[in-house]
Amino acid sequence: RLIRHRLNIGFGANYLRAVELSKSEYTWIICDDDLYDFSSAFELFKVLEEGKHDIISVTGGNYQFSQRGLSTTVQELLENGEMYYTIHSFVPATIFRTSLFDSETLFDAYFLISDIYPQFAIINKSANINSQFYITKNAIVERAPDNATSNLNPFFQFSCWVNNCLKINNKKIRKHVIYEYFNHSFKKFLLKLAYYLIFDKVFSRQNRLSAGKEGVLKKYIIVLNAFQGEQKLVLFFLTPLLFFPGFFLKFCMYLFLLVYYKGNIPDDKKFNSKIDQRK
């Protein structure tokens, strides 16, 4: 069936309308800007006909499972440190049993539209109920090099992902999923975060999606909320550096001068001292 909306309802709502309209046992939402290879699709047909699995992964690309042709459960994947959430952040990666997307899941998904990952609702539900999972031996779909997500402000995109991850009840898994963006390195995360914030205006000038100054602060608070213990403390103390680098550096220099001159900074060394204007 060809269904065309009278108005442009956007990617997220379009995705969910397709889910609502599906009457098949399985649903696969695909996009027109990705790469498909159906040469090994007979394996997929067999798995669909058996009907044993709730989630079938058909993707390849930057994020991969350590094994292919695997039949298991979602919880086993997560316990083994597999990148289940991140791999299925790519919409066409997942074929799912349509009945999993019940009214409650659909309701949750509509609230995720503004955070650009409405499919997160079904990914998270499949983890919560420990769905049966299968990954095909060969990738059928891959993200195209010029995929639309490359036009997004990267900090906006990451903070949206973090906001979705906050819905993961297991804190250990939540932390793992967030760090997958940075090869599980907190140092890389801090460097990337500084890069995202400092160059936010640059991305805006390149016509990438931006939430503006207030939006950046809001997104930063979301990111901050995702971490616990000493990591949250480190992020908290780095906040002035990330948002007000000039003020932070002056403050650090002032502390250095206080220590160096033992609390009595000479007038000519103070930041507000007047410059000698003699010619």
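A contact here means heavy atoms within 4.5 Å. In this protein, residues 24 or more positions apart account for 75% of the contacts with a separation of 6 or more.

The model on your screen is predicted: local features need pLDDT of at least 70, side-chain atom pairs count only at pLDDT 80 or more, and totals for chains, interfaces and linings use all residues. Residues are numbered from 1 along each chain as its sequence is written, and side-chain values use heavy atoms, with hydrogens and water left out.

**The whole chain**

Start with the cartoon view. The protein has 13 helices and seven strands; these are DSSP runs numbered from the N terminus, with helices being H or I of at least four residues and strands being E of at least two. Now switch to the surface. The protein exposes about 17000 Å², and carbon and sulfur atoms supply 56% of that area; accessible areas come from the Shrake-Rupley method with a 1.4 Å probe, and for residues only the protein chains shown count as cover. Of the 279 residues, 42% count as buried. Buried means under 20% relative accessible area, exposed means over 50%, and partly exposed lies in between (1.4 Å probe, protein chains only).

**Stop 1: salt bridges**

Side chains of opposite charge can pair when their charged atoms come close. A salt bridge is counted when a side-chain nitrogen of Lys or Arg is within 4 Å of a carboxyl oxygen of Asp or Glu. How many salt bridges does a search of the whole structure find? The search finds four.

Select arginine 17 and glutamate 20. They form a salt bridge, with the closest N and O atoms 3.6 Å apart. Both residues lie in helix α1 (residues 10-21), three residues apart, which is about one turn of the helix. Glutamate 20 counts as partly exposed because its relative accessibility is 36%. Arginine 17 is partly exposed too, at 29%.

Next select aspartate 54 and arginine 97. Their side chains meet in a salt bridge of 2.7 Å, N to O. Aspartate 54 lies in the loop between α2 (41-50) and β3 (55-57) and arginine 97 in strand β5 (residues 94-97), so the pair ties together parts that are 43 residues apart in sequence. Are these two residues buried or exposed? Both aspartate 54 and arginine 97 are buried.

Then go to aspartate 102 and lysine 125, whose side chains meet in a salt bridge of 2.9 Å, N to O. Aspartate 102 lies in the loop between β5 and α5 (103-111) and lysine 125 in helix α6 (residues 120-128), so this pair ties together parts 23 residues apart in sequence. Aspartate 102 counts as partly exposed at 31% relative accessibility, while lysine 125 counts as buried at 18%.

**Stop 2**

Select asparagine 124, which is found in helix α6. With a relative accessible area of 8%, asparagine 124 is buried. Which residues does asparagine 124 touch, not counting those up to four places away in sequence? It touches Tyr85, Lys167 and Ile168.

Now move to serine 114, in the loop between α5 and α6. Serine 114 counts as exposed, at 54% relative accessibility. Leaving aside neighbours within four places in sequence, serine 114 is in contact with Phe156 and Cys160.

**Stop 3: two positive phi angles**

Most residues other than glycine have a negative phi. Select isoleucine 116, in the loop between α5 and α6. Its phi is near 60 degrees, a positive value in a residue other than glycine. Isoleucine 116 is partly exposed, with a relative accessible area of 21%.

Asparagine 130 also has a positive phi, near 55 degrees. Look for asparagine 130 in the loop between α6 and β6 (132-135). Its relative accessible area is 33%, so asparagine 130 is partly exposed.

**Stop 4: the largest cavity**

A cavity is a set of points, on a 1 Å grid over the protein atoms alone, where a 1.4 Å probe fits but cannot get out; lining residues have an atom within 4 Å of a point. Select Tyr15, Ile29, His88, Phe90, Val91, Thr94, Phe96, Gln119 and Ile122 to show the lining of the largest cavity.

Terms used:
1 Å grid on protein atoms, 1.4 Å probe; cavity = no way out; pocket = protein on both sides within 12 Å on 5 of 7 lines; lining within 4 Å.
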